[in-house]
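Here is a short tour of one protein model, written for someone new to reading structures. Take a moment to turn the model around before reading on.

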Amino acid sequence: MAAGNGSLAVIAAAVLWGTTGTAATFAPGVGPLAVGAAAMGIGGLLQALAATHIIRAHRVALLGNWRLIGLSAVATAVYPLAFYTSMRLAGVAVGTVVTIGSAPAISALIERIADKRRLSRRWVLGAGLGVAGLVLLTVARSAHAGTSATHPLAGIALGVAAAATYALYSWGAGRMMGTIPSRAVMGTVFGIGGVLLLPVLVATGAPIVASAQNLTAVAYLAIVPMFLGYVLFGRGLATLPVSTVTTLTLLESAVAAFCAVVVVGEQLAPSGWGGVGLIFVSLVLTAHAAAQSVATKAGEPPRTEVPSTIV
């Protein structure tokens, strides 16, 4: 049951994240670094503010995990900067595929090395189908627009870095959630990450307040996909392996494509819809694998969310 609820929480987070690209089109004058710093930075600070009482109640346990918190917070701050810069240098298609597509494999590698976790055949099949679907979908969406790559090798390297930081902060936060409530962990990690992003926001964020439309779009990004989305993401991390979580979030790309077609009016080739289908098959396989998997080691009972006594 816990794994099933965790899968639903991650899927809901991925749906919210899938709206970010469409929302960003309503703030065309805001650069990608400013969007990333504002969305992740402000969203992270909101998480910390909402979880203030829980963080205080568990401050001793959090301080005892300062290394994991520091690693996760730095990774949280680096991720949006590396991701958006990757898309600018390598093009949207390549940046998206490299970052989102390599995250499940990097997460699995981290778990294999750090936690000695075994990967099921069902997860491998689901992850493979999901990445294949992502490639088809991204190529189909970008085929008519050509490429905006200016420095592809540097962009690819930053895409891998973005995937690694995403996997790292997910792993670090998830590892603490066996003994600390997810809201306390996520509030602390993303709050510190938000503080680290403030200088970037100050340096690049002037266009955000240049118009009410820009401000509204960025406010939506910070409050809905980043704040609410990462609250749901944290609930999933509390009960699921990181490799499973990052595979489920491949749904983000399918939702982004659907929003682009319905709201923005983009066209999607048949191969793109085939990619969407593969991603949904991947979700079914991965969620089923999560429901049957052990948590950290063979024979160990699944993690359950630590209840919080502070509302």
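The model is predicted, so please read every value below as computed from it.

Phe26, Phe258, Val262, Val263 and Trp273 together make a nonpolar surface patch of about 520 Å². Three residues of this patch come from helix H13, which spans residues 251-264 and gives the most to the patch. Phe26, another member of the patch, sits in the loop between helix H2 (20-24) and helix H3 (32-50).

**Two residues compared**

Is Ser86 buried or exposed? You can find Ser86 in helix H6, residues 66-90. Ser86 counts as buried because its relative accessibility is 0%, and the cut-off for buried is under 20%. Phe26 has 42% relative accessibility, so it counts as partly exposed.

| Residue | Relative accessibility | Class |
|---|---|---|
| Phe26 | 42% | partly exposed |
| Ser86 | 0% | buried |

**Space inside**

How many cavities of 30 Å³ or more does the structure hold? There is one, and the volume of the largest cavity is about 250 Å³. Its lining has 18 residues, and those closest to the centre are Tyr79, Phe83, Met226, Tyr230 and Glu252. H3, H6, helix H7 (92-115), helix H9 (152-176) and helix H11 (212-237) each give two or more residues to this lining. H6 supplies the largest share, with four residues.

Definitions and conventions
Residues are numbered from 1 along each chain as its sequence is written. This is a predicted model: local features need pLDDT of at least 70, side-chain atom pairs count only at pLDDT 80 or more; totals for chains, interfaces and linings use all residues. Side-chain values use heavy atoms; hydrogens and water are left out. Patches are made of residues with over 30% relative accessible area and no salt bridge: like charges are joined within 9 Å, nonpolar side chains (Val, Leu, Ile, Met, Phe, Trp, Tyr) within 5 Å. Accessible areas come from the Shrake-Rupley method with a 1.4 Å probe; for residues, only the protein chains shown count as cover. A salt bridge is a side-chain nitrogen of Lys or Arg within 4 Å of a carboxyl oxygen of Asp or Glu. Buried means under 20% relative accessible area, exposed over 50%, partly exposed in between (1.4 Å probe, protein chains only). On a 1 Å grid over the protein atoms alone, a cavity is a set of points where a 1.4 Å probe fits but cannot get out, and a pocket is an open set with protein on both sides within 12 Å along at least five of seven lines; lining residues have an atom within 4 Å of a point. Grid points are joined across faces, edges and corners, and a volume is the space filled by probe spheres set on the points.
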